[in-house]
Amino acid sequence: MARTALLVLLFLALIIELTLTIGGFFVPDKLLTGFGVGISNDTQFMGFTLAWLLLFVSLVDAVALWQVWQRQPHYATLCYLLGFWWMGIGLGLYLGYGRLDNLLLDSGKGLLIVLATWRSQMAARLA
């Protein structure tokens with residue numbers, strides 16, 4: 001059950017990250033205004049850079065998803081990395097900019113991934 005939850009969480013996170021990545025590359029103005037950022041050459045540059053970062057996170061998520069799917073013994077490393085990454089982003093954006101939506105979405109997603117990874121490891125040890 002925990003492994004299935006982890007697979008679902010990683011898949012949903014991948015969809016979210018890929019959607020934001022595509023938005024960053026192909027409709028950056030819409031993506032930036034959706035986050036409340038004014039459009040200028042500088043913000044478009046940062047949006048493009050952020051899209052590359054999101055692509056990298058998407059690739060790490062895809063590798064973690066594949067590792068969990070394949071039941072590789074070291075899958076937890078990337079899962080924990082992603083979970084704590086998202087928890088840090090959500091908390092940082094909330095504390096720095098008051099973005100409650102990021103606290104709930106990113107930190108919540110990260111916490112769920114960390115908990116599902118932990119439960120999945122515990123279930124594998126008991127089996």
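How are helix 3 and helix 4 oriented to each other, parallel or oblique? In this predicted model, the axes of helix 3 (residues 41-69) and helix 4 (residues 75-97) cross at roughly 140° and come within 8 Å. Angles over 145 degrees would count as roughly antiparallel, and helix 3 and helix 4 are therefore oblique to each other. The report begins with the overall fold and then returns to this pair.

## Overall fold

The protein has five helices and zero strands. Read from the N terminus, its elements follow the order α-α-α-α-α. Along the principal axes, the C-alpha atoms fill a box of roughly 55 × 25 × 20 Å. Of the 127 residues in the protein, 33% are buried. Among contacts with a separation of 6 or more, 64% are between residues 24 or more positions apart.

## Helix packing

| Helix pair | Crossing angle | Distance between axes | Source |
|---|---|---|---|
| Helix 3 and helix 4 | roughly 140° | within 8 Å | computed from the model |
| Helix 4 and helix 5 | about 160° | 7 Å | computed from the model |
| Helix 1 and helix 4 | roughly 55° | within 12 Å | computed from the model |

### Helix 3 with helix 4

Helix 3 passes helix 4 in a crossing that is left-handed. On the helix 3 side, the contact is made by Leu53, Val57, Val60, Asp61, Val63, Ala64, Gln67 and Val68; on the helix 4 side, by Tyr75, Leu78, Cys79, Leu82, Trp85 and Trp86. By class, these residues are twelve nonpolar, one polar and one charged.

### Helix 4 with helix 5

Helix 5 covers residues 100-126, and its axis lies 7 Å from that of helix 4, at an angle of about 160°. Helix 4 is therefore roughly antiparallel to helix 5. The crossing of these two helices is left-handed. Their contact holds 17 nonpolar, eight polar and two charged residues.

### Helix 1 with helix 4

Helix 1 spans residues 2-26, and its axis comes within 12 Å of the axis of helix 4. With a crossing angle of roughly 55°, helix 1 and helix 4 are oblique to each other. Helix 1 passes helix 4 in a left-handed crossing. Here Leu6, Leu10, Ala13 and Glu17 of helix 1 meet Tyr75, Cys79, Leu82 and Trp86 of helix 4. The contact divides into seven nonpolar residues, no polar residue and one charged residue.

## Annotated spans

An unreviewed UniProt entry lists residues 45-66 and 78-97 under "transmembrane region". In the model, residues 45-66 are 100% helix and 0% strand, with end C-alpha atoms 32 Å apart. Residues 78-97 are likewise 100% helix and 0% strand. The end C-alpha atoms of residues 78-97 are 28 Å apart.

## Individual residues

Which residues does threonine 117 touch, not counting residues up to four places away in sequence? They are Leu6, Tyr75, Ala76, Cys79 and Tyr80. Threonine 117 is in helix 5. Its relative accessibility is 0%, so threonine 117 counts as buried.

Serine 58 belongs to helix 3. Serine 58 is buried because its relative accessible area is 2%, under the cut-off of 20%. Leaving out residues up to four places away in sequence, serine 58 touches Leu14, Glu17, Leu18 and Thr21.

Is arginine 71 buried or exposed? With a relative accessible area of 61%, arginine 71 is exposed. Arginine 71 is in the loop between helix 3 and helix 4. The phi angle of arginine 71 is near 60°, a positive value in a residue other than glycine.

Proline 28 is in helix 2, which covers residues 28-34. At 21% relative accessibility, proline 28 counts as partly exposed. Proline 28 and leucine 104 are 76 residues apart along the chain, and their C-alpha atoms are separated by 24 Å.

Note on methods: Residues numbered from 1 in each chain as written. Predicted model: local features only at pLDDT ≥ 70, side-chain atom pairs only at ≥ 80, totals over all residues. Heavy atoms only, no water. Axes fitted to C-alpha atoms, helices over the stretch in contact; angles between N-to-C directions. Helix = DSSP H or I, 4+ residues; strand = E, 2+ residues; numbered from the N terminus. Parallel < 35°, antiparallel > 145°, perpendicular 65-115°, else oblique. Left-handed = near helix turned anticlockwise from the far one by under 90°. Contact = heavy atoms within 4.5 Å. Nonpolar A, V, L, I, M, F, W, Y, C, P; charged D, E, K, R; others polar. UniProt positions renumbered as here; feature names shortened; annotations may be inferred. Buried < 20%, exposed > 50% of the residue type's maximum accessible area, 1.4 Å probe, protein only.
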